[in-house]
Amino acid sequence: MLPIDLRSDTVTRPTDAMRAAMAAAPVGDDQYGEDPTTNLLQQRCAELLGKERALWLPSGTMANQVALRVLTRPGDEVIASRECHAAWHETGGAAANAGVQIVEVGAGGLFTREQFEAAIKPRGLPVFPPTTLVEIENTHNRGGGLVFPQRDVEAICSAARERGIASFLDGARLWNAAVASGRSEAELAAPFDLVAVAFSKGLGAPGGSLLAGRKELIVVADRQRRMMGGAMRQNGIFAAAALHAIDQHRERLREDHANACALAEAIAACTAVDIDLATVQTNIVIWRLKPGAADAAALVACAREQGVLVSAFAARTVRAVTHLDVSAAQIARAAEVLRALLA
Ligand SMILES: *Cc1c(COP(=O)(O)O)cnc(C)c1O
């Protein structure tokens, strides 16, 4: 029996219909601007995100790295949430590629306008690094798939604008945030200068991300993409998968959210587990193992033996992610296995 793979929403495989769309896609050389399917995807996403222009990138990490290079200069400081992807999951790329330092503020992946303002370095004194960018992650991965409250987004971005600080949205899972909040992707992206979205997470495409923003920023992003080696050729094969995913897999994200809720409720019933059900808003479930219970590595290994794959996120923290390739019945089975192990 195939394992029930809850390690990440990146483990999905393209469906037959997605593969058919990829096989049928018209393609050309994207570095000449001649890949019609990539052009279509970029137009479609610019519209969906309410921005002037959009640019394909091979991965979410490269989208984040390019965004930093577009919006900052080496030596600058970036204010972001605690445990944000840019600081925790990009192997030091912010420092290596953009030469910036990230200051993490707030708690649990969220922060307020007040916390943002308190972290801004005073201008005018040469000892301080200039704060030139604020970055928000929505939904927040290590925060447990939290949706960033839009009133806080708006307050933070307007405070940034007042001070000439740029704003960037790491929206790798913005599609989940839109479904969970009932707000459009364009509304969620509106306060930001640049926004990144991913096709390879819950949407189930085999790869790809995209940056959207004003035309002059995307022109710079295009050069930075090339400089990082991320400009591709007959990319329409990937873009076709992304277009298919946008049309066919966006609404169904609510099934993933319902599955995550069901799994979280089952796990919350175990006394060995510490989980805040209020944080389970989308497709990610993170729980802590109380003192006395087995540690995360042991739980992950035992679950694997019984055909359920989850991730050890820290010594006593475990993450499970729901997605296109796990059904409600498989979630019920996974919940049973985990409950038995946690009893
Ligand atoms: C996965 C992820 C990324 C990076 O995407 P890759 O395609 O894996 O490089 C960026 N930001 C967030 C919040 C993510 O979850």
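**Helix packing and burial**

Analyst: Helix α12 (residues 253-268) packs against helix α14 (residues 328-342) at an angle of about 20 degrees, with their axes 9 Å apart. Axes are lines fitted to C-alpha atoms, for helices over the stretch in contact, and angles run from 0 to 180 degrees between N-to-C directions. This is a predicted model, where local features need pLDDT of at least 70, side-chain atom pairs count only at pLDDT 80 or more, and totals for chains, interfaces and linings use all residues. Residues are numbered from 1 along each chain as its sequence is written, and side-chain values use heavy atoms, leaving out hydrogens and water.

User: Are α12 and α14 roughly parallel or roughly antiparallel to each other?

Analyst: Angles under 35 degrees count as roughly parallel, over 145 as roughly antiparallel, 65 to 115 as roughly perpendicular and the rest as oblique. So α12 and α14 are roughly parallel.

User: Which residues in α12 and α14 meet?

Analyst: Contact means heavy atoms within 4.5 Å. From α12, N259, L263, A266 and I267 meet residues of α14 including I331, A335 and L338.

User: How many residues of α3 are buried?

Analyst: Buried means under 20% relative accessible area, exposed over 50%, partly exposed in between (1.4 Å probe, protein chains only). In α3, 9 of the 12 residues are buried, so the helix is largely enclosed by the rest of the structure. Among them are M62, V66 and V70.

User: And A107, buried or exposed?

Analyst: A107 counts as exposed because its relative accessibility is 54%. A107 sits in the loop between β4 (101-105) and α6 (113-119).

Notes. Helix = DSSP H or I, 4+ residues; strand = E, 2+ residues; numbered from the N terminus.
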